[in-house]
Amino acid sequence: MNTHPGGEQRRPHEEQLLEAIRRIAVIDAHSHLLPEPQHVAQHRDALTVYGQYTRLPMFASGLSEEDWLRIHDPAIPLEERWALAKPYIFLVRHTSFARAARQVLKHFWNVEELADHNIHELSQRIAAENRPGIYERVLRKECNIVHVLNQNSPPPDDRRELDVYQDQQLLQPVVALIDPRPQNLDVNRMGGNDGFLSLDGYLDWARHRLRALAEKGAVGFKTFALDYGDPDRDRALADFSDLKRRQAGLAYDMPTPLLSYIHDELLKAAAAFELVVAVHTEFWGVHRHHPRYMMPILERHPNIRFDLFHSGIPYVREMGLIGVNFRNVTVNLCWAHSINAAMTCSALDEYLDTLGSDKVIAFGSDVRWMVEKVYGHLELARQNIASVLASRIDRGLMNFEEALRLAKEWLFDNPARLYKLPVVLD
Ligand SMILES: [Zn+2]
């Protein structure tokens with residue numbers, strides 16, 4: 001047994017494999033990173049390490065949204081914010097969300113955990129390091145990441161949507177299939193066209209938007225699983241008229257007849273561009289985004305390559321079943337490792353028994369606000385992969401080279417092929 005930072009222990013094969021996996025170039029197959037100029041313009045401190053998704057178990061343990069906002073409000077003194085955060089960090093410390101955070105503390109600043117004695121100095125270091133070049137340093141040098149498949153929130157101004165995707169060497173844009181900005185969901189204005197018009201007029205505008213984004217370098221479109229039902233043009237037209245009469249907007253997260261029809265029409269457009277359609281499945285809302293809702297869509301659009309996200313957590317088994325039944329599906333474990341490392345490990349082990357090596361994408365960080373967090377999410381993924389594959393080596397089911405080959409396919413080759421990314425490494 002080897003002992004590691006944080007007291008973790010690994011078997012000899014596992015340790016050796018993990019070291020080899022850390023040398024593999026990686027594609028972060030799903031993130032929401034801000035453009036770097038925005039990242040460096042924003043406040044960062046030690047509490048940001050426990051930002052973003054660590055809030056979820058904290059909320060479940062009683063943290064209020066109001067206190068959460070206070071914890072991350074730099075106008076409030078650090079001591080006060082730390083006092084609010086400290087009990088919740090303690091409560092959630094064994095969750096996968098917090099493990100990812102601790103990997104970041106250890107790797108970048110050699111700190112095991114936030115504490116009274118380090119919170120100030122660490123905050124100063126983190127703020128000082130948040131400067132231009134941080135993406136190159138953290139993503140390329142520290143993480144060995146070659147590309148990030150990045151889904152940015154579009155700016156409020158329609159005309160600037162195309163301009164937010166600047167760094168297409170490192171950040172490769174994945175864009176929303178249906179424009180989620182409020183002005184483009186208002187049926188009296190949608191399409192940036194006041195006083196307009198018809199459902200077909202909206203669809204023309206939306207198809208044109210997708211084409212423009214594809215020409216600008218988008219590598220995929222993003223949507224989410226909902227219980228859409230079969231698309232029905234007549235029902236969609238009635239829905240559209242009704243919304244116009246009520247002066248209401250399209251609820252783009254409700255599976256209404258209008259949304260189902262628009263979604264299906266835009267999938268047809270996406271198919272023509274031969275780009276991947278990435279799909280959020282589950283986690284939020286228990287049954288709301290169940291991966292099984294995608295099955296009729298997978299059948300209806302056999303020429304689209306669908307990348308199903310988050311392994312459908314907690315429906316990882318249904319996801320494996322969908323993966324083996326549909327040739328146009330890839331199972332993507334983005335975010336899954338840091339939601340539930342144990343579930344993702346057992347799912348990956350089961351996928352080895354069910355799916356070909358081309359069917360799994362094993363990592364996407366899903367990080368938004370603090371680029372260093374990508375490292376923590378990646379390290380959890382690497383540890384899970386090493387653990388699962390080392391067990392197979394120990395049982396004589398594969399050798400070391402085969403295990404490493406699989407890790408490389410899952411971490412690099414599969415996302416590179418699916419999203420047609422350049423594979424030349426510098
Ligand atoms: Zn995401």
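Two residues are in contact if their C-beta atoms, placed from the backbone, lie within 7 Å. The structure is a predicted model, in which local features need pLDDT of at least 70, side-chain atom pairs count only at pLDDT 80 or more, and totals for chains, interfaces and linings use all residues. Residues are numbered from 1 along each chain as its sequence is written.

| Residue | Residues in contact |
|---|---|
| Isoleucine 27 | Val146, His147, Leu149, Leu411, Phe412, Pro415, Ala416 and Leu421 |
| Isoleucine 385 | Ile21, Leu348, Ala362, Ala407 and Trp410 |

Isoleucine 27 belongs to strand β3, residues 26-31; strands (E, at least two residues) and helices (H or I, at least four) are DSSP runs numbered from the N terminus. Isoleucine 27 counts as buried because 25 C-beta neighbours lie inside 10 Å. A residue is buried if 20 or more other C-beta atoms lie within 10 Å of its own, exposed if 12 or fewer, and partly exposed in between. Buried residues make up 44% of the 426 residues in the protein chain.

A nonpolar core is a set of buried Ala, Val, Leu, Ile, Met, Phe, Trp, Tyr and Cys residues joined through C-beta atoms within 7 Å. The largest such core holds 119 residues, and those touching the most other members are Val26, Val277, Val279, Leu308, Ala362, Phe363 and Ile385. Helix α16 (residues 373-394) gives the most to this core, namely 10 residues.

The protein chain contains 17 helices and 10 strands. Along its principal axes, its C-alpha trace spans about 65 × 55 × 40 Å.

How values were computed:
Lists of a residue's contacts leave out its neighbours within four places in sequence.
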